[in-house]
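The following explanation is intended for a reader who meets this structure for the first time.

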Amino acid sequence: MAGRKKFSIWRGNPTRAATAIGLFITASSAFGIDSTPARAHVSPQAYEIPAGSVADALNVLADESGAQLLYDAALTRHLKTAGVSGQHTLDGALRKLLIGTGLTFEIDQGGRSVSIVLAEADTGRRSDASGVHAHPLPPIEIGAARRARTTAARPTTAVATPHPPAPAGRNISQPAGVSTVIDDVVAQSATTNDTASLLRDVPGAFVYNAGGVSSLPVLDGLADDRLHVTVAGMPILAACANHMNPPLSYIDPSNVGKIQVYPGVVPVSVGGDSIGGTIRVDPRAPIYAAPGQQVLVTGEAGAFYRSNGNALGGHLSATVATDNFSVTYNGSYAQSQNYKAAADFHPAWSAFLTPPSTFPITRLGAYTPWLTGNEVGGSAYQTQNHDIGFAWRHENHQLRLNLGFQHIPYQWYPNQRMDMTENRSIQGNLRYDGQYEWGLLDAQVYHQTVRHIMDFGEDKQFFYGTVNTIVAPGMPMDTKAQNTGAKINASINVTERDILRVGAEYQQYRYNEWWPPSPAVLPRGFTMGGMAPDTFININNGQRDRFDVYAELESHWNREWTTQFGFRSDTVLMNAGPVHGYNTAYDSKPIFPATRFNLADRSRTDQNWNATAQATYTPSATQSYSLGYSLKSRSPNLFERYTWSNGLMAMEMIGWFGDGNFYIGNLNLKPEVANTISATADWHDANGSMNLTFTPYFTYISNYIDVQRCPFSVCGTSPMNNPYNTYGFTSLQFVNQNARIFGADLSGRAVLAKDTPLGDFTAKGILAYVNGQNITTGGNLYQMMPVNAKLSLEQKMGGWTNAIEGQFVGAKKNIEQVRNELKTGAYALFNLRSSYEWGKLRVDVGIDNLFNTFYYLPLGGAYIGAGATMSGPLPIAPPWGIAVPGMGRSFYVATNLKF
């Protein structure tokens, strides 16, 4: 065909192969666009090619791109690939497919066929290997939104056929549905150590700002536990009453290989136990040596510095591999001091020196620190993550074992009354995936143990009381959690039209939370203190076990129509043991909260149902339309059901919302049930240089777990628990109500100019709106992101990539009054970013918040990052009414070197 390219692929010696691997990993941009001007006219398109054999992957590539392939089956028979997902040029897709295989390609302008040529290691000469074993694949007309399907590899080269598509032309492991894929995070990871922040370019995705590495993700108005979040296939639960260690905090951005986000309507095969979208984060795929290559040694090292907070750190990855076995180490370290806002938002003062405290000493024995007027107290952190992975492959089967360790010695929180003073996690994750004649099978078993400790960081008052009474050194909170589970999933080619996906999942979760007495030994003459003499039991042997099964049928009726129907059963078993407070005052009349809790039936069994129905219509190569409905359910978490104490100090320690309020659980909570309808229209030109996507959605939630002002029958009549105030911090109880959320996401991309003397220019944009209302009360839902937009202009020229970004956020006026949520003003931020790639070296530099604009974070919550944070509504406590400000101007530089 006129104007089509011809690619040739060769196998090199070990040095050249390692060089190719290093170049391949860094060559793709965030949207997979080749930055070399000579190749810029190759148009990007969407690819969904699963991990598996290289032979099958090349076959799917031919089917999805319409290209002709010519290759020797002997060269690819035992090779594996991590697959390709997202928008890529044809040569960009090939580049990612061939990472770690020892194969690469060169471009021949004469046609559009792909042939593999063998390189002789001793001379470097290439000999054409497209002899009797090679089979040309005829061109295939592909619709832009068509799904692909893959079957097991065969001993000879598979041949794709034109209409209708053969089984080898469809990706059966990837369910149809609207999703966003982030498969290159190098540029974004230069600016953050918070993996949740990598979602910032996903339409409708935001974060609840929390600790420096522990933000909580939001999709279309639903956040945190209402989303199904997995890391390397593991559904991780926050082992903290303040959710300081959410799932995405357990993987550093430097180790992220791919993020896939399903908003709104989610296929049942992707996950359950949630009412919002799904976020799947996968680490980098294993790397193997080429067949015949004895040992491959490769890796990369990187470092970064950010001026605001003096943040610094680095990462190291190293792999030693043969053609069937691979060992990889990934490690990272990061730390930061408190960041600073663009202007003063509080008086310059000692972090705490408030009467009646007579001890201006921190937990580490230092004198109370001085906070400048623009310093955001409680925002420092230090973290390190380590992972060693073992991978084995044989023909169409792969087995992976990962052993991980995390240590966070401290992470302060500007919107929480407590801080993280220790988080240690040890985890093991064993995964199998295999290709068979009938389809794909994957299985997984995992275990994680977490030890988490909270107390006061350096900016929060540590000693409470006076020398004349009892001095309490801190308020320690200890937790231990164990998360164990197993999964099995099968994707079956039922017919040429239909794919059946079936699976089962089991998760066993055990959680204990206890608060040691403070002081550990009472002074002479005292038998009881506010937090003594006993250990406070907050949750005793908390259990949350889940048993899931699902079935999903996906049908490709013709080139225009694809449908998907799925059902999932989630059975959740929950329980908790008896509890007690620091002393008998925590079980006082007339409510006797501990006794009432202990005498209650605490065992719960929730039978939750999930269903999805969606259809995709692709009338031409330049447009596609999807419409879907989903029924999704989520059982309460342990804290929503089993936190029991109505003591104000105990209630201050509960809550992951960053609002400074005081929370108590509710044994009578029912599971949330969400009905969501969503549509997506995708318009794009034939060559992929321009696209526009629009997604409106509506969700109605029965038994939405919101809050009410804590009733007198639960929290008592103390003036500290004022249920009527319209300002200040207040006491709240979780309660079932009904809610609705609607909104829309608009995103687009356009290539403005190509092959100019200054390179290529691309514009990108996102516009999002969400509105949430509590139908029961008529009030607004908490933490609804105001209308916002993001625009960027990107230039690529040779190894350079430069961009200017603008972020525009409206005023947050729709607030939840029951929580006394804070309003925030509108603002506009601008960022500059630049990167340069030269061989194996990449350098990123940039400026965030270019004009040093002062603003408050709409989802940042209330500022309580310093002072006597455990003093309830008393005058000595942090004042109510100050939102957490965003970061001022920050310069950053990051380097990444491959070897």
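In this predicted model, the second largest cavity has a lining of 27 residues, and those nearest its centre are D225, I236, L237, A238 and D273. Its volume is about 350 Å³. Several elements of secondary structure contribute to this lining: the strands β12 (216-219), β14 (228-231), β30 (498-515) and β31 (536-556), together with helix α7 (638-642), each provide at least two residues. The largest share belongs to β30, which supplies three residues. By class, the lining of the second largest cavity comprises 16 nonpolar, five polar and six charged residues. The structure as a whole contains 17 cavities of 30 Å³ or more.

The open spaces may be considered next. The second largest pocket has a volume of about 840 Å³. A set of 39 residues lines this pocket, and G530, M531, Y586, M649 and M870 are the ones nearest its centre. Helix α8, which spans residues 648-652, makes the greatest contribution to the lining of the second largest pocket, namely three residues. The composition of this lining is 18 nonpolar, 18 polar and three charged residues.

From these spaces the account turns to the chain around them. The chain consists of 899 residues, of which 61% count as buried. Its secondary structure amounts to nine helices and 44 strands. Among contacts between residues at least 6 apart in sequence, 72% connect residues that are at least 24 apart.

Leaving aside residues up to four places away in sequence, L399 touches F390, A391, W392, L430, R431 and Y432.

Helix α4, at residues 90-97, is mostly covered, with eight of its eight residues buried. Among the buried residues of α4 are the charged residues D91, R95 and K96, as well as L90, A93, L94 and L97. Elsewhere in the chain, C240 has a relative accessibility of 0% and so counts as buried.

Two other cysteines, C710 and C715, are joined by a disulfide, with an S to S distance of 1.8 Å. The count of disulfides in the model comes to one. Both C710 and C715 are buried. The torsion about their S-S bond is about 80 degrees, and the disulfide is therefore right-handed.

It remains to consider the confidence of the prediction. The average pLDDT of the chain is 85, and 84% of the residues score at least 70. Over residues 1-42, however, the pLDDT is below 50, although this stretch has 131 contacts in the model beyond near neighbours in sequence. Residues 107-169 likewise have a pLDDT under 50, and the model has 197 contacts for them beyond four places in sequence.

Conventions:
Residues are numbered from 1 along each chain as its sequence is written. This is a predicted model: local features need pLDDT of at least 70, side-chain atom pairs count only at pLDDT 80 or more; totals for chains, interfaces and linings use all residues. Side-chain values use heavy atoms; hydrogens and water are left out. pLDDT is the predictor's confidence in each residue, from 0 to 100. Contact means heavy atoms within 4.5 Å. On a 1 Å grid over the protein atoms alone, a cavity is a set of points where a 1.4 Å probe fits but cannot get out, and a pocket is an open set with protein on both sides within 12 Å along at least five of seven lines; lining residues have an atom within 4 Å of a point. Grid points are joined across faces, edges and corners, and a volume is the space filled by probe spheres set on the points. Helices (H or I, at least four residues) and strands (E, at least two) are DSSP runs, numbered from the N terminus. A disulfide is a pair of cysteine sulfur atoms within 2.5 Å. Buried means under 20% relative accessible area, exposed over 50%, partly exposed in between (1.4 Å probe, protein chains only).
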